[in-house]
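Hello,

Here is the structure I promised to pass on to you. Have a look at it first, and then read my notes below.

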Amino acid sequence: MALRDWDLWGPFFFIVFLGLTLSWSASVKKSEVFAVAFALLAAGAVILTLNVLLLGGHIVFFQSLSLLGYCLFPLDVGALICMMENNVILKMIVVCVTLAWSSWAAYPFMSSAVNLSRKALALYPVFLMYVSVGFLTIAID
Amino acid sequence: MEESSYSNLSTSHLLGSVPAVTNEEKKASYEVPEANMQIFPPNNGSGGGRGRGYQTLEAPTEEFEQQPPNNWSGVFSISSYTQYFNVDTDVVIYRLISSFYPVTGDFFSKIDANPDLYGLIWITTTLVFMLASFGNWATYLMQKHSDGTTSWSFDVGYINAAAVGIYGYAVVVPMSFKFLLQYLGSNASLVRFWCMWGYSFSIFIPTALLLLIPVEILRWIIILIAGSASSCFVALNLKSYIEGANDLKMMVVAAFLLQMALAIFIKVWFFP
């Protein structure tokens, strides 16, 4: 599987790019926005992986970090589109579509890693992280 | 009568095991995994065969039990913390729903065999996210409602304030209650306190949604109702846990007041 060749350059680039895009779109406190976005995504990926491991799931730590980072790509595209225009309704539609795309990409990996009775427990934090990033993208103007 | 019922039983599911002389033998072997919670990893319903295989390995599990107090190598390995996350989805949902009705103080008896830290971590994280995002949205709505001007901009400081406030409260308050109770004589379990306080925050999550309504008096009513519900949950459970010395009533009152103070802090800081 392609997952065996995990790497962290892609996730690093996507996280920094998302932080930069959000920071560019912000009108005040730009550096704080970047710091919050970067910390949220980086720490979030680590914590999500630890969550699956603590629930008794079977994943490889760096494979999971790599996958969660690469699944940020749709949100990157969404943030770029939202930076370039100001209509709130359009932003919401774009963010919803990219959020669904990211979740759909991360879902098979995360759900297959844990026991069936704990699937929702493992998937909910992934959903929470992507929704919070999506909300940041909409709200920052 | 009994002979006929015995001959009607299908025994195809007993193939491979010792053919049951009576039905009770099969029931006895099923009771063992339920009763003994010390076996690691515990036996789920779905891992029946594997679980029985683990049951026979008595020695390693006993070593595991004695390991944490003796050396520190268990601190940095994941497997020593897995015991606090040994819950299924339906268990978590059941505990969540039971934390919404604070009338009976029996939460500790529900979590006694299996306290979990999953609820604490993810309920507080959800609450931090909700406070930051809905707080910003609420200030936007209030400005639109009163001024009509659009000088609002997203305040990232809300995320920092929410994280420090909620995580700090959720970690420090149960710890201080545990150490205080231990100092005063009765023993207290830190994990159970963390679990209970964690689930007490679940009421604030729909409250954050309701506080979006830009009517000031309604916001105060909502937060007071939610605050008192959450505080009653904490106070009743703490009372039933202590159930002993009379002079510990002050702790129950203190817990109630602290939770009300948290509710008022939420209203004043994030939904002004």
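**Salt bridges, interface and core**

Let me start with one residue: R95(B) has a relative accessibility of 4%, so R95(B) counts as buried. Please keep in mind throughout that this is a predicted model.

What does R95(B) pair with? Its side chain meets that of D116(B) in a salt bridge, with N and O 2.6 Å apart. The two residues come from separate parts of chain B: R95(B) lies in helix 5, while D116(B) sits in the loop between helix 6 (107-111) and helix 7, so the pair ties together parts that are 21 residues apart in sequence. D116(B) is buried too, with a relative accessible area of 0%.

Another of them joins E216(B) and K267(B), and here the closest N and O atoms are 3.1 Å apart. This pair links distant parts of the chain, because E216(B) belongs to helix 11 (residues 216-242) of chain B and K267(B) to helix 12 (residues 249-270) of chain B, 51 residues apart. Are the two partners buried or exposed? E216(B) is partly exposed at 31% relative accessibility, whereas K267(B) is buried, with a relative accessible area of 1%.

Now to the place where the two chains meet. In contact there are 25 residues of chain B and 31 residues of chain A. Between them, chain B and chain A bury about 2,400 Å², and 67% of that is on carbon and sulfur atoms.

The rule finds 2 salt bridges across this interface. One of them is formed by the side chains of K29(A) and D155(B), at 2.9 Å from N to O. This pair crosses between chains: K29(A) is in the loop between helix 1 (9-25) and helix 2 (30-54) of chain A, and D155(B) is in the loop between helix 7 and helix 8 of chain B. K29(A) is partly exposed, with a relative accessible area of 38%, and D155(B) also counts as partly exposed, at 25% relative accessibility.

Polar contacts cross the interface as well, with 10 residue pairs found by the rule. Which helices of chain B supply at least two residues each to the side that touches chain A? They are helix 5 (89-98), helix 7 and helix 8 (157-183). Helix 7 of chain B gives the most to that side, with 6 residues. By type, the residues on the side of chain B that touches chain A divide into 12 nonpolar, 11 polar and 2 charged.

In soluble globular proteins, nonpolar side chains tend to be buried together. Here the largest nonpolar core has 103 residues, and the members that touch the most others are Y130(A), L131(B), W197(B) and F271(B). Helix 7 (residues 118-146) of chain B provides the largest share of this core, 12 residues.

Leaving out residues up to four places away in sequence, F271(B) touches L131(B), F134(B), G135(B), A138(B), A208(B), L211(B), R219(B) and I266(B).

Happy exploring, and best wishes

Key
Residues numbered from 1 in each chain as written. Chains lettered and ligands numbered in written order. Predicted model: local features only at pLDDT ≥ 70, side-chain atom pairs only at ≥ 80, totals over all residues. Heavy atoms only, no water. Core = buried A, V, L, I, M, F, W, Y, C linked by side-chain atoms within 4.5 Å. Buried < 20%, exposed > 50% of the residue type's maximum accessible area, 1.4 Å probe, protein only. Helix = DSSP H or I, 4+ residues; strand = E, 2+ residues; numbered from the N terminus. Contact = heavy atoms within 4.5 Å. Buried area = accessible area lost by both parts, 1.4 Å probe. Salt bridge = Lys/Arg side-chain N within 4 Å of Asp/Glu carboxyl O. Polar contact = N/O pair within 3.5 Å; in protein donor to acceptor, adjacent residues only side chain to side chain. Nonpolar A, V, L, I, M, F, W, Y, C, P; charged D, E, K, R; others polar.
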